[in-house]
Amino acid sequence: MTLKKKWLRWQRQQKLNKRPYTPALKDVRRRAMDLLARREHGITELSRKLKTKGFEPELVDEVIQELVNDNLVSDQRFCESMIHSRFNRGHGPVKVRYELRSKGIADQIIEGVMGELAPDWQQVLVDLIKKKYAGSLSGTPAERAKKVRFLSSRGFPQDMIFFAMRDAGFDQD
């Protein structure tokens with residue numbers, strides 16, 4: 001079901017419930033739906049964005065609770081989406097966890113989704129090395145250290161990098 005259909009269904013439900021519905025509440029929900037139409041958002045991130053737009057915190061909390069009840073916003077779904085996105089961009093598990101924590105996702109949700117999806121980070125690292133360095137990590141020690149720093153900045157742990165350098169068949173002097 002598209003977001004527009006969900007929006008229309010929600011408006012009909014509001015009329016059936018004869019619930020007092022203020023224009024301010026409608027504006028908050030519309031802004032939230034606009035944000036969700038572009039990409040998935042976590043609950044904390046969506047709340048923060050709506051509050052920075054100047055909406056009252058009580059209205060924001062009420063709308064977010066309705067969105068959660070309607071299954072329009074979910075930390076689990078956001079986490080899955082973010083992991084897929086970062087995995088496909090060549091980011092490592094350390095960076096992905098950090099970004100998710102900074103977006104307000106709980107550690108147990110992160111670990112649950114990471115365990116469920118079980119992405120092959122080692123393969124992403126090998127592909128990144130092949131793409132960036134044409135499969136070669138050789139060079140002077142200073143050049144190798146520079147390459148390791150780059151891979152670390154992409155979110156790969158040191159042991160994974162050294163394993164890829166040692167065992168994946170890349171040249172080393």
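The legends below go with close-up views of a predicted model of one protein chain.

Figure 1. The chain counts 173 residues, of which 39% are buried. Contacts between residues at least 6 apart in sequence can be sorted by how far apart the partners are: 62% of them join residues at least 24 apart.

**Figure 2. Helix H2 packs against helix H3.** Two packed helices are described by the angle between their axes and the distance between the axes. Here H2 covers residues 23-38 and H3 covers residues 43-52. The angle between them is about 125°, and their axes lie 11 Å apart. H2 is therefore oblique to H3, and the crossing of the two helices is right-handed. On the H2 side, the residues that meet H3 are Val28, Arg31, Ala32, Leu35 and Leu36. Their partners in H3 are Leu46, Lys49 and Leu50. Sorted by type, the residues of this contact are six nonpolar, two charged and no polar.

**Figure 3. Asp34 of helix H2 and Glu45 of helix H3 are shown one after the other.** Asp34 belongs to H2 and is partly exposed, with a relative accessible area of 37%. Its C-alpha is 9.4 Å from that of Leu3, a residue 31 places away in sequence. Glu45 belongs to H3. Is Glu45 buried or exposed? Glu45 has a relative accessible area of 2%, and the limit for a buried residue is under 20%, so Glu45 counts as buried. Leaving out residues up to four places away in sequence, Glu45 touches Arg39, Phe78 and Lys103.

**Figure 4. The largest nonpolar core of the model holds 23 residues.** In soluble globular proteins, nonpolar side chains tend to be buried together. Which residues of this core touch the most other members? They are Cys79, Ile83, Leu100, Leu125, Phe156 and Ile161. The helices that give two or more residues to the core are H5, H6 (93-102), H7 (107-117), H8 (121-133), H9 (141-153) and H10 (158-167). Among these helices, H8 gives the most, with six residues. A second, separate core has 17 residues, including Ala32, Leu35, Leu67 and Val73.

**Figure 5. Cys79 is a buried residue of helix H5.** Helix H5 runs over residues 75-89 and contains Cys79. The relative accessible area of Cys79 is 0%, so this residue is buried. With neighbours within four places in sequence set aside, Cys79 is in contact with Leu100, Ile105, Ile109, Ile110 and Val113. Cys79 and Met114 are 35 residues apart in sequence, while their C-alpha atoms are 8.8 Å apart in space.

**Figure 6. Ile83 is shown with its contacts from other parts of the sequence.** Like Cys79, Ile83 is among the residues that touch the most other members of the largest nonpolar core. What does Ile83 contact, once its neighbours within four places in sequence are left aside? The partners of Ile83 are Val96, Leu100, Val113, Met114, Leu117 and Pro119. Leu100 and Val113 are also among the contacts of Cys79.

Definitions and conventions:
Residues numbered from 1 in each chain as written. Predicted model: local features only at pLDDT ≥ 70, side-chain atom pairs only at ≥ 80, totals over all residues. Heavy atoms only, no water. Helix = DSSP H or I, 4+ residues; strand = E, 2+ residues; numbered from the N terminus. Buried < 20%, exposed > 50% of the residue type's maximum accessible area, 1.4 Å probe, protein only. Contact = heavy atoms within 4.5 Å. Axes fitted to C-alpha atoms, helices over the stretch in contact; angles between N-to-C directions. Parallel < 35°, antiparallel > 145°, perpendicular 65-115°, else oblique. Left-handed = near helix turned anticlockwise from the far one by under 90°. Nonpolar A, V, L, I, M, F, W, Y, C, P; charged D, E, K, R; others polar. Core = buried A, V, L, I, M, F, W, Y, C linked by side-chain atoms within 4.5 Å.
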